[in-house]
Amino acid sequence: MPPTTLLILTHLLVETIFILRVLTRPHREPTSRVAWIVVILTLPAVGIILYVLFGETTIGKKQAARMKTVFMALPSIPTGAEVEVETQIPERYRPLFHLGASVSGFQPVSGNQAILMKDSNASIDHMVADIEAAKDHIHLLFYIWLEDNNGIKIAEALQRAAKRGVRCRALVDGLGSRAFIRSSQWRRMRSAGVNVATALPIGNPLARVLTGRIDLRNHRKILVIDGDLTYCGSQNCADPEFRVKPKYAPWVDVMFRLQGPVARQNLKLFASDWTAYTGENLDNLITEPFAAATPGFSAQVIGTGPTFRDSAMPEIFTALVHAAQHRLIISTPYYVPNEPLQSALEAAALRGVDITLIFPERNDSFVVGAASRSYYADLLQAGVRIHEYRGGLLHSKTLTLDGEVSLIGSANMDRRSFDLNYENNILLYDPKTTASLIERQTQYLGQSKEITQDDVAAWSVAIRLRNNAVAAMGPIL
């Protein structure tokens, strides 16, 4: 047999093996299977390499098994500090919290209070003040931590806390914070007594490819102080000027400072990551008795990721959309939905719900920006209102439902947050807190341009082709 023929047959055999893998891999949407088959068939050799690098949603069998084992072994959070939650949450919203509890096991707890931070710099200043006031322990997790003004403020505050005897633990993502891990501040923190660790470390990139996808990341943003104070939102530990991508600045984020039992849930979520990567047991902190119950709203933490239930995050978003009866406002920097979520938004608008979506006008990801705009025409036709924010890169991930329910956290409405990244969100029922978030969303609208059907119709054929072509690859983005 001629060498050329043998090479072709070998390539066809390898392609067939990978296509069979695409077809038999569990938890894969049909559109995703089709997209990967197209890539493998139309990009000889390159398509196979791309699938090896990005086709499998796994952090490695050993690490995945350890993450699951650690999370399942964590103790239950003590009960008794909260009042009867079912009486606080209206009946029509209770299924949403039941769904949230099915993801990572956290039931809604009452007795919580929240303050919406004014802006990114104010968030950091409040974090520093709370770190300075910490009495026993501090736990911090960021996807991105930069050695800039705000990054150094937090690092130095942790060093001071550690030196006065507060137990400090800081965990960062191995890719998002790779420069900070190599910085002098990281070394100073360790020298000062701050326990530091890396989630999903890169190590040798070539070896990493053999054990799991390198782009599966820990995208969470968590700060917990003394077990009853926590921060949750979209903000990384960085200046709003975000010097790694300055041309899109300022980064516009949202952050809540919360006190109450929900902080203990964030601590348990942190502990699941920390113990998996360091082996240190934090059970005693999780099971510490609560102080006396205080009045406050009901909330729950929803932690998602590739070692949690498949499609959990899009299920949460879709359920919230279906629950809307009057008004739904959503801001997200990255919108690449799955079909159920897109259909839910269109159906909700068609049944009369006032839906407003706020996206950044300039997206730091050209690919995601193009894919997002491919959905505009159908959304607008259904009656969804779309606004593009012009005051920087709108990085806030917010959802308000009928003026009473809010969802905040790290998850975007795209395939990365749906399938690839570890995320943390808080779902809460409280008209007062939700009103403060709606006020912030209204400020975003004041700096935005509304996109109309005429605007979309005016796009050139080339722009439409580009957007739709990119969106066709949405299932594998």
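**A buried glutamate and other salt-bridge partners**

Let me begin with Glu388, which counts as buried at 6% relative accessibility, where buried means under 20% relative accessible area, exposed over 50% and partly exposed in between, with a 1.4 Å probe and protein chains only. What we are looking at is a predicted model, in which local features need pLDDT of at least 70 and side-chain atom pairs count only at pLDDT 80 or more, while totals for chains, interfaces and linings use all residues. Residues are numbered from 1 along each chain as its sequence is written, and side-chain values use heavy atoms, with hydrogens and water left out.

The side chain of Glu388 meets that of Arg373 in a salt bridge, at 3.1 Å from N to O, the term standing for a side-chain nitrogen of Lys or Arg within 4 Å of a carboxyl oxygen of Asp or Glu. This pair links distant parts of the chain, since Arg373 sits in helix α15 and Glu388 in strand β12 (residues 385–389), 15 residues apart; helices (H or I, at least four residues) and strands (E, at least two) are DSSP runs, numbered from the N terminus.

The structure holds 15 salt bridges, and another of them joins the side chains of Asp402 and Arg92, at 2.7 Å from N to O. Asp402 lies in the loop between β14 (398–401) and β15 (405–409) and Arg92 in the loop between α4 (61–73) and α5 (94–104), so this pair ties together parts that are 310 residues apart in sequence. Asp402 counts as buried at 12% relative accessibility, whereas Arg92, at 32%, counts as partly exposed.
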